[in-house]
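Here is a report on chain contacts, nonpolar cores and salt bridges. Please view it alongside the structure.

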Amino acid sequence: MRSDPADYQLIAPASLQAVVSLLAEEPGAWLPIAGGTDVMVLYAAGKLSASKLVSIWNLPELRHIEVLPDEIRIGAGCTYTDLREHEIVKREFPLLASAAGWTGGIANQNRGTLGGNIVNASPAADSLPALLAYEADLILVSVRGERRLPYLDFHTGYKQTKLAADELVQAICIPRRFSDYFSYTRKIGARNAQAISKVCIAALGRLAGGVVEEARIALGSVAPVPLRLAETERIVKGKRLEPPLLALARKTATAEIRPIDDIRSTMRYRSAVAGNLVAEFLERLSPGGPKT
Amino acid sequence: MTNDRIIGSSVPRKEGRDKVTGRAQYVDDMTLPHMLYGATVRSQIPRGRIRNITFGPEIPWDEFVIVSAKDIPGKNVVALIVDDQPCLADAVVNHPEEPILLLAHPDPHILPKAVAAITIEYDPLPAIFTIEESERSSEVIWGTDNTFKRYLVEKGNVDGIWEKADYVVEGEYRTGAQEQLYIENNGMIAAFDPLQGITVWGSLQCPYYVHKALMALCNLPADKVRVVQMETGGAFGGKEEYPSMIAAHAALLAIKSGRPVKIIYDRMEDMAATTKRHPSRTRHRTAVTKDGKILGGEVEFAVDGGAYATLSSVVLSRATIHAGGAYFWPNVRIRAKAVATNAPPHGAFRGFGAPQSLFALERHMDRIAQVVGLSPVEIRRRNFLKPEQTTTTEQTVREPIDLDQLLNHALELSDYHAKTDRFAKQNQVGGIRKGMGIAAFLHGAGFTGSGERYLSSLVGVEGCADGSVRVLVSSTEFGQGTKTVLCQIAAESLGLPYEDVGIAQADTNVVPNSGPTVASRTVMVVGKLVQSAALGIRQTLTQGGTLGESYSPEEFRSACQNHVATHGEFRSWARYEAPSDVFWDDEKYRGEAYAAFAWAVYIAEVTVDLTTCSASVDDFVALQEVGKVLHPVLARGQIAGGVAQGIGYTLYEKVVWQNGRMQNGQMTNYIMPTSADLPTIRVFFEEMGNIHGAFGAKGIGELPMDGPAPAIVNAVEDALKVRFDSIPLLPEDIFEALAADSERETEPQPAGGGR
Amino acid sequence: MTSSVENHVRCELSLTVNGERKNVRVYPMERLLDTLRHHLGLTGAKEGCGEGECGSCSVLMNGTLVNSCLIPVLQARDADIVTIEGLATGTRLSALQEAFLDCGGAQCGICTPGMILAASHLLNKKPEPTMEDIREGLSGNLCRCTGYIQIFQAVAEAARRRATT
């Protein structure tokens, strides 16, 4: 344990209002901490630069799931376990439910939050490709009120987001229109549990009359930010999923991503596997293709 | 008392209740009054001269105890074999993380800041990091040629076989470093008293190794050094020699401060600074007939020992002796060496050299099979050692081992033939490839050659006031079941209930030196001495007239109580005596290397997913002949645990090095298998007995480490028809090999040697 | 470095541990693991990695399994904590503890407290777990000694025994 608790302040205001007021008083001075599964690891390693922390763990305003007719609103303070256990999330948003089950082990799923995963903004985060595929909206909150913005626009660079210094993510809104889409998601890690992903994919597709009506393909760990493969989606749209198209899709996907060599894996491996996963998604989407 | 009432049954683990209730006391659970916490300032460079040390002004240094090499009362050495390893670097550092200074303070939280506030300037020297760089000797970092030790084993006439060979098969095989990754990090508490001397409590395997090291370091006589083993949370060899270093550090701080000092490593420090399995390189060149019989061969084996000699010569010894495996070599030359690099010294890890040389051999056997055109099964059948044949060191196999039958049994248990047929068909289509792989091997138990004679282990059994009996050994429990099995042996020997036998905490003030808890020797060698010493207790009572020739447990209890009341607590001792027919030549490295070999055939079934290039083990059969199973649950647990570590060694665990320093020293980046990654490991035993072991047992602790790597890689090659000669074998490696192979497919096949 | 680093104050907080109300005076960012081990003398929870990977620090917090090395103690204010020391009733061990003893689920024992709590959490949610459930439920608890096999057997056995009592 390489940090001294005496060097840190941690307060736990009772309401979201109190938290955003604090953030407005001293923007950038207070680091919000929810479940702590990212922050406390840095802290123990002696690498936490913030010395003032404000707990947003278990704030009722952040930890609930609202099911509306057209969308689901997931409080940013919901844990992965909350997601895994929610009937609608399981049934209508399998990309997200699966990602929640892949993050850490049970103990970390009981504490890690969706909001934390978003704000930490690691390109390897498990739930972010799912949110890109579903085209979630984020509701951000500050003393200035709420604003809603498309999650697609949220990441601006490696670990950079549009979150203002005095803002929190309040909720994640996902439209309830994917029940009849084909869902495909896989995480490739160094082992079957408790692994940071080397590549992960969350994809949705729908065919109409044998051609691709819509394909949404999102990948993690292949760029500084989680990525939607806009170009790959464009070239398959409106076409039949035949072998030449799949080969082209694989090639296009490989060209769209920017994977790196790092301590976990290599650029070449990530590139090849990303291409394989895209191809596998499209194969399974095809009529008569294997579904599992 | 020969019927197996206790031996052979799964009695409760002696210290089990404490472990499942959280009462077991590990070193970090203990505090002493006025205790300080210690930390280590370590080298950030692989090699160089220390030019200057600056203490930053922001830290209240007067509150700290600071120790350097100059504070060492005795010799600045961690005494082991060669005595080349300093306890604290003085003028020169030879590896990253080498300890230079020690700090102690009442508040553990200030220590990381203090360590960070010390700036050390170096004049760097050129450093070397691989076996190849070391053997080139363009930079000599140790001795005259960077070589800690060499061995040469010669049998028959190797030079004469090549012209008779139908095939000459060559191969080079490599294994990487592996971190022991005991879940409890290294830790020690030391206290010093001018009258009593130094006492240390810690997580350790070998109390008397630490005892010897502290005597030399602190310049204290034997009765002024006391070493006490606490409950130890895993060791696997990683706490064989390293504890002497951390004990030395805690002791120095305790001596200088006059207060107890606790040093507990965190995971990052433990991974980066302490020992790992030796990386290895093996080159085989084998002469084979067209019938697949080995005429002989040359084996060149090398391990990377890191910066200091530590135990490399002994690891090398075991690797050398196991290099020929379970086969008959009529002629062989084995040249082995341990070389120095500027990495933290590598050390003991379960298997201790044998996993390295056996990986190479068992991969090579599959290579030979391919060249000759035989199956992996058949090539082994044609070369297995048989009773009355000799090993590579010319040790005669004196027991009726039938490896052919053992192989048959394993093939049956794993459904090998049906599966290989099925997989061959299934692999034609789809994105999954499956394969089966075999490893057949042996593992010698106990110290090599004259080692046990040199150890001269001493064991005691004590009659206690309450009529119970207590085992006195320095052999330690760290999960493998030492306490349980040694109590079983004593109880069985005396015809007493298991509950009437206890075992003393391993405290050098209380227990004799029964040798280190290593080399799979505890049950076999120490257990046999426990048996003798226990019988000695009985003899004292029967000769004293208080006990008849046959007796009930109650009668024993009474007699013992009476004897203690009259004469005080009494003990019986047993000292190791080498069997008279065991002969070992240390010069020629020839003779009876081990008192007993356990034999095994392991078979792995793997799946490779071509989408991700990741290999996983779906089924694993571990079949071994072990003399006698003294405790079924413990024995199965040992094999399953060892196989799990072997699977990690093969497919998951990679040490990422940069300039001699481990870069991935966190559990998030050094990947060991979770419960979601391992197959059901199916464990089976055969029992042939063993005259040299307690109740016929052979040592089995390390055996399971030898088989998984070659069995799995053989299976991956079977699945993919692509060659892999080094571990760890990660998906990235499989990917690169498949990519290269598909490029090669368009080129003509190279002639000769086969694939 | 300036001397303006404030040494922040400790705070008083209460939490229930193994059914007993405890009051501690701690820095809010002290790890729950350290509060349990140092202030409350409950050394059953262990530090194996300090990064939430090994699970040997696992405890139950308000009925859910958590890694106590990742929880600032302030967030455990008024929480209901169960550690390994709270599982046995007097000298009577829980079904899981007995099963671990009978099936060889504990070797060196360092992962055992966390492993038993993870198993307890699993059985509370899934009293009749499949082998897959057991593997998944324990996937955040690393064991280096057993290869997990006898741990799985112990959990399955405990489930069987709990069902028949």
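The sections below go through the interfaces, the cores and the charged pairs of this predicted model.

## Interface of chain B and chain C

The size of an interface is often given as the accessible area lost when the parts come together. Chain B and chain C bury about 3600 Å² between them. Carbon and sulfur atoms account for 56% of that area. On the chain B side, B:Val20, B:Ile183 and B:Ser675 supply 20% of the area buried against chain C, more than any other three residues. In terms of contacts, 51 residues of chain B meet 43 residues of chain C.

Polar links cross this interface as well. Between chain B and chain C there are 26 residue pairs in polar contact, both partners being at pLDDT 80 or more. Two helices of chain B each give two or more residues to the side that touches chain C: H1 (16-21) and H16 (632-651). H16(B) has the largest share, eight residues. By class, this side of chain B has 19 nonpolar, 20 polar and twelve charged residues. Four salt bridges span the interface of chain B and chain C. One of them pairs C:Arg144 with B:Glu653, whose closest N and O atoms are 2.8 Å apart.

## Interface of chain C and chain A

Chain C also touches chain A, with 32 residues from chain C and 34 residues from chain A in the contact. The buried area is about 2700 Å². Of this, carbon and sulfur atoms give 58%. In chain C, the residues that lose the most area to chain A are C:Met29, C:Leu70 and C:Gln75. Together they make up 27% of what that side buries.

Three salt bridges connect chain C and chain A. In one of them, the side chains of C:Glu53 and A:Arg191 meet at 3.0 Å, N to O. Polar contacts across the interface of chain C and chain A number eleven residue pairs, both residues at pLDDT 80 or more. Strand E4 (64-67), helix H3 (112-125) and helix H4 (131-137) of chain C each give two or more residues to the side that touches chain A. E4(C) gives the most, with four residues. The side of chain C that touches chain A divides into 13 nonpolar, eleven polar and eight charged residues.

## Nonpolar cores

The largest nonpolar core has 194 residues. Within it, B:Trp599, B:Val716 and C:Val155 touch the most other members. Which residues does C:Val155 contact, leaving aside its neighbours within four places in sequence? They are C:Leu96, C:Phe100, C:Ala119, C:Leu122, C:Leu123, C:Ile134 and C:Leu138.

A second, separate core holds 43 residues. Its members include B:Ile7, B:Val473, B:Ala559 and B:Ala694.

## Salt bridges within chain B

Side chains of opposite charge can pair when their charged atoms come close. Over all chains, the structure has 95 salt bridges. One is between B:Arg381 and B:Asp404, with the closest N and O atoms 2.8 Å apart. The pair links distant parts of the chain, 23 residues apart: B:Arg381 lies in helix H9 (residues 376-381) and B:Asp404 in helix H10 (residues 403-414). B:Arg381 is partly exposed at 22% relative accessible area. B:Asp404 is also partly exposed, at 28%.

A second pair, B:Arg398 and B:Glu592, meets at 2.9 Å, N to O. These residues are 194 apart in the chain. B:Arg398 sits in the loop between H9 and H10 of chain B, and B:Glu592 in the loop between strand E22 (590-591) and strand E23 (596-609). Are the two partners buried or exposed? B:Arg398 counts as exposed because its relative accessibility, 52%, is over 50%. B:Glu592 is buried because its relative accessible area, 12%, is under 20%.

## A strand-to-strand pair and a network

B:Lys434 and B:Glu605 form a salt bridge at 2.9 Å, N to O. B:Lys434 is in strand E16 (residues 432-445) of chain B, B:Glu605 is in strand E23, and 171 residues separate them. B:Lys434 counts as buried at 15% relative accessibility. B:Glu605 is buried too, at 8% relative accessible area.

Shared partners also build a network of salt bridges. The network joins B:Glu132, B:Glu135, B:Glu172, B:Arg174, B:Arg281, B:Arg283, B:Glu300 and B:Lys337.

Conventions: Residues are numbered from 1 along each chain as its sequence is written. Chains are lettered from A and ligands numbered from 1 in the order in which they are written. This is a predicted model: local features need pLDDT of at least 70, side-chain atom pairs count only at pLDDT 80 or more; totals for chains, interfaces and linings use all residues. Side-chain values use heavy atoms; hydrogens and water are left out. Contact means heavy atoms within 4.5 Å. Buried area is the accessible area (1.4 Å probe) that two parts lose on being put together, summed over both. A polar contact is a pair of N or O atoms within 3.5 Å; within protein, one must be able to donate a hydrogen and the other to accept it, and residues adjacent in sequence count only if both atoms are side-chain atoms. Ala, Val, Leu, Ile, Met, Phe, Trp, Tyr, Cys and Pro count as nonpolar, Asp, Glu, Lys and Arg as charged, and the others, Gly among them, as polar. A nonpolar core is a set of buried Ala, Val, Leu, Ile, Met, Phe, Trp, Tyr and Cys residues joined through side-chain atoms within 4.5 Å. Buried means under 20% relative accessible area, exposed over 50%, partly exposed in between (1.4 Å probe, protein chains only).
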